[in-house]
Every structure is written in structure tokens, then in C-alpha cells.
Amino acid sequence: MNITVTISRFNPDTDEEPRMESWTVEMEEGARVLHVLDKIHTLDPTLAYRSSCHAGQCGSCAVRVNGEPALACTKEASDGMVIEPLNLPVIKDLMVDLVPGINAIPRFHSSECGTLPTLEDVSKIKPLRDCIECLSCVSVCPAMRVTDFLGPTSMRSQMRIALDPREPGNRIREAITQGLFTCTSCNRCWRVCPKNIETPGKAIEKLREIANREGLTLPRHQEVAELVRTTGRSVESGKHTFLDLVDEVIEPYGEVKREVGFFCGCMFNARLPERAMDMLEVMRHAGIRVIIPKTQVCCGSPLIRTGQTSFIDELKDKNIRAFQERGITTVMTMCAGCGATLKNDYDTPFEVKDVSEILSETGLPPLTKVPITATYHDPCHLKNGQQITREPREILVTAVDKFVEMPAYCCGSGGGVRSGMPDEAAALGELRRAEINKTGADVVVTICPFCEYHIQEHSDRPVKNLMTVLVEALGKKPTEL
């Protein structure tokens, strides 16, 4: 079969900027990206790229394929694909400088320690030792764009070393100086890792737990944990709370097509209850009965992300019982962070789905398109934490006159960064402002309440929740409290 491919060409010694070059080559079915590059190299020996093991074990051939990092030797080639270097300093064409990043990865301190890892130690270390140092994670890390954060590969290494009894020293203070608390928990590193290493959850959050045990948690994060411990919520309540405003069961206007339980989360309950009220209006028109247990509490995400897990099991137990005791089999979330936490950090006896999944499966009520041009911001905990990107876009396209795509970047509000590292959060917010401005959109639409809050502080355009846009498309006025 013939495959047409576009490749970035750039020599920093002679070129002012990269140029895109197209090739059409004949390949066998199932060819990998590296096979295509090898074929093109026979026609143009000046094309620079790396390859070594051809088996996904050395990491040297990592590139971006259609914007996403991948190993060229394992990624299947497709017609029309665009191949670019990782977002790292380019040596030439697809070859990037890996040396600084690899040299920065922490290594063991020399020791005469004779203690060998136990089987339990090995089982904990194993998920972290598969790194092939391709630096795909480093190339996409938002914190590294605006801080001196050493990066996800280094944090993975620090945790791997911390778990090994052969390491003589305590590495946690070193990890903190290397930027442990600058990670936004966006999980982008996990999703692009060719070895599927869950660096935020298995390394960074665990290092933060060690820091917490040693009294090194950031003061602002400690305040949030104390608020959860004393009130069951991670944010202080405003004038109205959602749980106080609504009945426990909200019936649809017509036929009941489906029943879900609603986990409202702290932000929608205390700071943005009107957004949750908008969601209820949409559900009623869509024929969905919503049950809202009043005994639910904070999901614990702010505590897990910041390593403060001493009473997290109590929160999990309260939330599971709140829904299980009411016979609820599907729990719907509207906050991306809550959804990712319930799906990834809980062991629930019920199914957890985002509101966009529920509406996509059940069907939207009749809508009239709102006369605006809208762009969509992917919440990290939705895109990376739950791998949901299609449903919100399809819903938004149905509800507005024009939709304009925007690159998915972290806004800077997650992982405790907005509260604990405000300068970093602001810097990432400004990068988000620049991308929003490029779209020319009238409105920025998202789902996550933290993203909505943070982006609004760094945008000249209004930021709306997807449910609010749907209320407008129903011909209704958004809720005002």
C-alpha cells in the first residue's frame, strides 16, 4: 500500500525554523512508523532520526505522531500521518537532545548496604522500573514549561529508589528541591508513556505521602486537609450549597429513561451550585431521574494528590455507603477530578460515569443552537484521568453555532498547584490564555469547576460550563443564585 507522510525537517545550524516535507512510499500492511522512516532514509540519507532495538525497549526512536508521543518502532503507520520530534531541543530533524534529561535522572547513592529487597519491595518497585528513558513524559510535562521541575522521569526514579532498602539515604528533601510539589497531577506523562507507568499516582503522590509523614507538606495543603477533616468538604461554603437547595430525588419532566446517582463534589456544592442546578435542568429534559444522597462528602482527591491520606479510607467508606444504601448502580459525576478519583482511586460496587458519558448514552433533549463560537478546554482529569474527549465535543457541537478546536494543555489548577504554588498556576493560566486567544472564540467551554475558576482569571472571554450552554440551547435562562 502507498503511505503519504509529512515529516518535520530542521537543522538548527542552517534553518531559522522547521519546514514540513511530504513523502509517498510503498509499504507492507502493518508497517510501523520506523519502517516508513527507514524507507524514506534510503531515498534521502540526510533525514536524521534515531533507532536501535526496533523492539520498544531502548526508547531512542520516540517521536510525535499526529501530535502524540510514540515509539516509532511500535506505532503502526497510517496514511496521512504527521511525524515531528518530541518537544525537546532538536539536534536535527526528528533527533532531539536526550542527554540533559537523562543525566538529570537521580541514581542510587553508592553504599555497602547488604539489605536486599523483599518480594513485597520488588512488587512495589516493579511498576516503576520499566522506564526506557525515552523522555516522552518530559516532553509533555506542563510544569516543566514554567518551573525548574526536574520532571516526571526523575520523580519516578526517586520513588523507585525510596522503595529500595539498598539506598542508604532519605531522598524526600532532594525530591522537594527538584519540584515535587510543582506537579499538577495532569497525568499527561502517564498517558504518553510507552510502558504505561502511572508516574503521578505511583510515584509523585507516594513521594508526597512520605513528605507528609515527615512534616514537609505545604502549609496551604495542610489547611485544606484540616478543612476536610472537620467539615467533610475541601472548600468553604458560600451563601447557598447545592445539597441544601435540592431534594434527594429529582424526577424528569416526562418518561424516566434512566436513573443515576449524582456525586456533586465540593466545588459544585459550595462555590458553583448554579452549574449543578443547570445540569439538573438538562437531566429533567433528557428523561433522567437523579438521586442525590445528602450524606456524601469530599471524594478525597485534594488529599490524595497532596499525599495526605491518613483518613482517606473514612471518606471512601462514607461515599460508597451513601450511594450503595440507596441501591444506586450508576453514579454520575460532573467534576472531572471527582470522576477520576472515584474511577481510579476507589473500589466501588457501582459504575461511575461522567455527565457527558451519561448524556451521550441516553441522548440529548431537543436543542436550538446557541449563536456563539465556542472552544473547548479539556480538563486534565477528564482527558487523561478518564480518557474522555469525544463526548463533550459532540455535545458542544450540537449546542452551538460554531465550534473551534484548541490544543489540550493543562490550565495549572490541579494537583494542589493553584493553592500551594500560585505563581506556577498563574504562569500556566497565561499559556492557556494565549491558546484561547488564537481560537477567536466568543466563549470557552469546559466541565471541571477548578478549570472554570482558574481559566476565567486568565481569559478575556467568558468561561462556561457545558451544562450551562445546554440550558441556553434548551431555550432556558441559566440558574442564578
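Q: What should I know before reading the values?

A: This is a predicted model: local features need pLDDT of at least 70, side-chain atom pairs count only at pLDDT 80 or more, and totals for chains, interfaces and linings use all residues. Residues are numbered from 1 along each chain as its sequence is written, and side-chain values use heavy atoms, with hydrogens and water left out.

Q: Where does Thr 6 lie? Is Thr 6 buried or exposed?

A: Helices (H or I, at least four residues) and strands (E, at least two) are DSSP runs, numbered from the N terminus. Thr 6 sits in strand S1, residues 2–9. Buried means under 20% relative accessible area, exposed over 50%, and partly exposed in between, with a 1.4 Å probe and protein chains only. Thr 6 counts as buried because its relative accessibility is 19%.

Q: Which residues does Thr 6 touch?

A: Contact means heavy atoms within 4.5 Å. Leaving out residues up to four places away in sequence, Thr 6 touches Met 20, Glu 21, Ser 22, Met 81, Val 82 and Ile 83. With Ser 22 there is also a side-chain polar contact of 3.2 Å. A polar contact is a pair of N or O atoms within 3.5 Å; within protein, one must be able to donate a hydrogen and the other to accept it, and residues adjacent in sequence count only if both atoms are side-chain atoms.

Q: How many disulfides are there?

A: A disulfide is a covalent bond between the sulfur atoms of two cysteines. The rule used here asks for a pair of cysteine sulfur atoms within 2.5 Å. By this rule the count is 0.

Q: What lines the second largest pocket?

A: Rolling a probe the size of a water molecule over the atoms shows where empty space is left. The second largest pocket is lined by 25 residues, and Asn 87, Val 140, Arg 188, Ala 408 and Tyr 409 lie nearest its centre. On a 1 Å grid over the protein atoms alone, a pocket is an open set of points where a 1.4 Å probe fits, with protein on both sides within 12 Å along at least five of seven lines; lining residues have an atom within 4 Å of a point. Helix H21 gives the largest share of this lining, 3 residues.

Q: And the largest pocket?

A: The largest pocket has 38 lining residues, with Val 235, Pro 302, Ser 413, Ser 419 and Phe 450 nearest its centre. Helix H10 gives the most, 5 residues.

Q: Which residues of H22 are buried?

A: In H22, Pro 449, Cys 451, Glu 452, His 454 and Ile 455 are buried. Their cover includes H12, H13, H20, H21, S15 and S16.

Q: How many residues of helix H23 are buried?

A: In H23 (residues 466–473), 7 of the 8 residues are buried, so the helix is largely enclosed by the rest of the structure. At its start, a side-chain oxygen of Asn 465 reaches to within 2.8 Å of the backbone nitrogen of Met 467. After H23 comes Gly 475, with a positive phi near 85°.
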